[in-house]
Amino acid sequence: MPKHGKQYRKAAEAIDRETHYSLEEAVNLLLANSCAKFDESVDVAVRLGIDPRHADQMVRSSVILPNGTGKDVRVLVFAKGEKEAEALAAGADYAGSEELVNKIKEGWLEFDKTIATPDMMGEVGKIGRVLGPRNLMPNAKLGSVTFDIERVVQETKKGKVDFKSDKAGIIHALIGKRSFGSEKLVANIAHFVDKLIQLKPSTSKGIYLRSITLSSTMGPGVKIDPVQIRALIKA
């Protein structure tokens, strides 16, 4: 068992691990029991009633949170000519073609998200073994392989979150920062869970939202009542 500091233990004592709180209660508990001096990230983990062994039950998509994530996302765009200029004008941190591919081959990885125009995917494929394991490969299904560069760059900079279920059927996502406060965090979480509900595979049977846990970077987890949040979203 890992050893935790006095502040963490005090925060953990204030949260009943067996209780499933309403969304607002969970967020307020998390904020009230923060035990770090910096602006912690707030994450959500949702266990879904899916069988990850079946491809048709994989849940994977992206969502633009209404209040962003609070993270400064460094965006790299693989594009040429006018599309390269469009990317930079839209706020991309880096844009280019073969020169960026070669730079990444040499070990440079100072970026968080990538976007590519379809005509660049042949070149980008050459560094697939570098980008793929780091979840940095542009993906058409997630909208990051496109000619609509301006829109996608702006969405990504605002806080577009890509997510997919892991081998245990759990989805992890950054949902904001502690400094957002209760109202903005509640809105982000509700929006994220609503997106997951929309993505429920037709082959998924039984309870879909199995568990929802909210946590900050240094704090203990807080369980959210899946039934309550679903009712809140439908209201």
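**Where the two domains meet**

Visitor: How many salt bridges are there between domain 1 and domain 2?

Guide: Keep in mind that this is a predicted model. Lys 113 and Asp 162 bring their side chains together in a salt bridge, at 3.3 Å from N to O. Between domain 1 and domain 2, the count comes to one salt bridge.

Visitor: And which strand gives the most residues to the side of domain 1 that touches domain 2?

Guide: Two strands each supply at least two residues of that side: β2 (60-64) and β6 (160-164). With four residues, the one giving the most is β2.

Visitor: What does the chain's domain assignment give for domain 2?

Guide: Domain 1 comes in two stretches, 6-69 and 159-234. For domain 2, the assignment gives 75-158.

Visitor: How far apart are the C-alpha centres of domain 1 and domain 2?

Guide: The domains do touch, with ten residues of domain 1 in contact with ten residues of domain 2. Their C-alpha centres, though, lie apart by 29 Å.

Visitor: How many residue pairs are in polar contact across the interface of domain 1 and domain 2?

Guide: Both residues of a pair have to be at pLDDT 80 or more. Going by that rule, the number of pairs in polar contact is six.

Notes:
Residues numbered from 1 in each chain as written. Predicted model: local features only at pLDDT ≥ 70, side-chain atom pairs only at ≥ 80, totals over all residues. Heavy atoms only, no water. Domains from an automatic or database assignment. Contact = heavy atoms within 4.5 Å. Salt bridge = Lys/Arg side-chain N within 4 Å of Asp/Glu carboxyl O. Polar contact = N/O pair within 3.5 Å; in protein donor to acceptor, adjacent residues only side chain to side chain.
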